[in-house]
Amino acid sequence: MDADRKAQDPTLVCTCSDLYLYQIQQAIVEGEDEYNEIMQYNDTLPRCGECQDHVDALVAASTIQYNDQPQDK
Ligand code: FES
């Protein structure tokens with residue numbers, strides 16, 4: 001991971017594969033919730049793996065938002 005590059009652009013999630021926030025979110029919207037699957041969805045594979053915590057946090061945040069939706073009764 002290129003920490004300096006990532007610090008300059010908060011939307012950059014994976015510096016090894018140049019994956020941005022919208023690309024991770026698109027994979028999550030399409031139903032992917034595992035790190036390796038999200039990378040594969042974007043036609044790449046994990047390299048250093050240091051972005052996994054960030055990707056996992058995005059998956060968790062999407063789950064929280066989903067669960068916070070009002071339920072139809
Ligand atoms: S930052 Fe290295 S695999 Fe994502």
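These legends accompany several close-up views of a predicted model.

**View 1. The whole chain and its elements.** Welcome to the fold: the protein has four helices and two strands, where helices (H or I, at least four residues) and strands (E, at least two) are DSSP runs numbered from the N terminus. Starting at that terminus, the order of elements is α-β-β-α-α-α. Residues are numbered from 1 along each chain as its sequence is written.

**View 2. Confidence along the model.** The average pLDDT (the predictor's confidence in each residue, from 0 to 100) is 90, and 86% of the residues score at least 70. Local features need pLDDT of at least 70 and side-chain atom pairs count only at pLDDT 80 or more, while totals for chains, interfaces and linings use all residues.

**View 3. The largest nonpolar core.** This set of buried Ala, Val, Leu, Ile, Met, Phe, Trp, Tyr and Cys residues, joined through C-beta atoms within 7 Å, has 10 members: Val13, Cys14, Leu19, Ile24, Ala27, Ile28, Ile38, Met39, Cys51 and Val55. At least two residues come from each of β1 (12–14), α2 (21–29) and α3, with α2 giving the most, three. Buried means that 20 or more other C-beta atoms, placed from the backbone, lie within 10 Å of a residue's own; 14% of the 73 residues qualify.

**View 4. Around Leu19.** Leaving aside residues up to four places away in sequence, Leu19 touches Val13, Cys14, Ile24 and Asn42; contact means C-beta atoms, placed from the backbone, within 7 Å. Leu19 also belongs to the largest nonpolar core.

Note on methods
A residue is buried if 20 or more other C-beta atoms lie within 10 Å of its own, exposed if 12 or fewer, and partly exposed in between; C-beta atoms are placed from the backbone. Two residues are in contact if their C-beta atoms, placed from the backbone, lie within 7 Å.
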